[in-house]
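Hello,

The structure we discussed is below, followed by notes on what turned up in it.

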Amino acid sequence: MRLVGLAILVIWMAACSSEKLEVVDQKKLALQEAHRIDSLRLAIGADRKAAELKELILSKAKHGFNGNALVAQSGIVLLDTAIGMASFEDKIPLDRHSSFQLASISKTFTAVSILQLVEKGKLSLDLTVQEYFPEFPYPGVTIRSLLSHRSGLPYYEYNFEQKARGEHVFPDNQLLMQWFALADPKLKAFNLPDHYFSYNNTNFAILAAIVEKVTNEDFGHYLKKHIFQPLGMEESFVARGLNESSLHRTYGYQRGRRVPFDTFDNILGDKGVFSSTHDLFKWYQALATGKVVSRDLLKEAFTPRSFEHPGLRNYGYGFRLWVNEKQKTDYIYHTGWWKGYNTIFFFDPKEDFLIVLLSNKYNRSVYNIRNIIEVLHSDERSTSVEENILDD
């Protein structure tokens, strides 16, 4: 019995010693991480940049900016603020968890959803829409041409608005595909596929319909299951339906009035994702590390696809690109506008910085980020960025 007791005592003392060592190791790691962050903050001039960015966003607020802003560099958050109201009628202020309609920034999620299915072997970029929707009346339109806005297809918003209002329906993506198939006479395309770049929401509405067809899942459910939940994006969701709401949801305002539910709000892919600045920071980090799809496929998404008109602006697969004189990508971004919301998601993979501005009260200063880029850069490249980034 004495030997058994002694053995138990030895085991207990060893366990206590192990726990103490573990606590010491944790404290050591914490100190090392704190030292790393302090060194990094010093290296990037975080305190100076944070002060300058605060002044810039306060200046935007004086000129009517109502929204949230987050700016980060090398993983260090330099600006994280909420200015104004989520709901003016209910006097609900914005907070740092407020979720905004991303408008066309939603296209980045649609593109990555497609690339995920390509990576899993469930899709091919070179297959046509007719492979998935045989009644689709436009031959030769590939998934690749949809992703890069080179399809030549007609605009659904202009061609089907009267039909939607006349039939008192709020079409979703599958109904939209039926309308294209049944249109009589057939809607006239702008051009043959892959002839030239033409930004068109139809492309990404069709891509979302393809995701639904291939996965047999609602597009919103797909995003939640395969992107939002895996990345811990708890403040991101899809608003499809008149009664959908969220604790942190905002409402869009234009010309001093709340914009009502729109005829095409149930069509996703080109818009429809609500998210916060914090969740978009997670989205950027996932893109930067290849967490949601392989780096090789992301490299394809960040490669310029259109060269008909020389210039610094280009488009990849679901991402706008700012290219240099050698047509190599310097900046990756997307802007958005939809029913009072205007937004920008802008990052530099080389300098590892992110700029997110989300507004629910239309104000073009959202797209004026040149001064913010100048604060973040230590060189002269930012001078090539125009005063206002092109909005959708």
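Arg 258 sits over the face of Tyr 251, 3.9 Å from the ring centre. Lys 339 does likewise with Trp 338, at 4.9 Å from the ring centre. A charge counts as over a ring if NZ of Lys or CZ of Arg is within 6 Å of the ring centre and within 35 degrees of the ring normal.

This is a predicted model: local features need pLDDT of at least 70, side-chain atom pairs count only at pLDDT 80 or more, and totals for chains, interfaces and linings use all residues. Residues are numbered from 1 along each chain as its sequence is written, and side-chain values use heavy atoms, with hydrogens and water left out.

Next, the aromatic pairs. A search of the whole structure gives 24 of them. Rings of Phe, Tyr and Trp (its six-membered ring) pair if their centres lie within 6.5 Å; planes under 30 degrees apart are stacked, over 60 edge-to-face, and the rest tilted. Phe 109 and Trp 283 are stacked, 4.2 Å centre to centre with 20° between the planes. That pair joins helix H3 (residues 106-119), which holds Phe 109, to helix H9 (residues 277-289), which holds Trp 283, across 174 residues. Helices (H or I, at least four residues) and strands (E, at least two) are DSSP runs, numbered from the N terminus. Both Phe 109 and Trp 283 are buried, that is, under 20% relative accessible area, where exposed is over 50% and partly exposed in between (1.4 Å probe, protein chains only).

Phe 170 and Phe 261 pair edge-to-face, at 5.2 Å centre to centre and 75° between the planes. Phe 170 is partly exposed at 39% relative accessible area, and Phe 261 is also partly exposed, at 28%.

Last, helix H6. Its buried residues are Asn 173, Leu 176, Met 177, Trp 179 and Phe 180. They cover an arc of only 155° around the axis, so they are on the same side of H6; the arc is that of the directions from the helix axis to the C-beta atoms.

Regards
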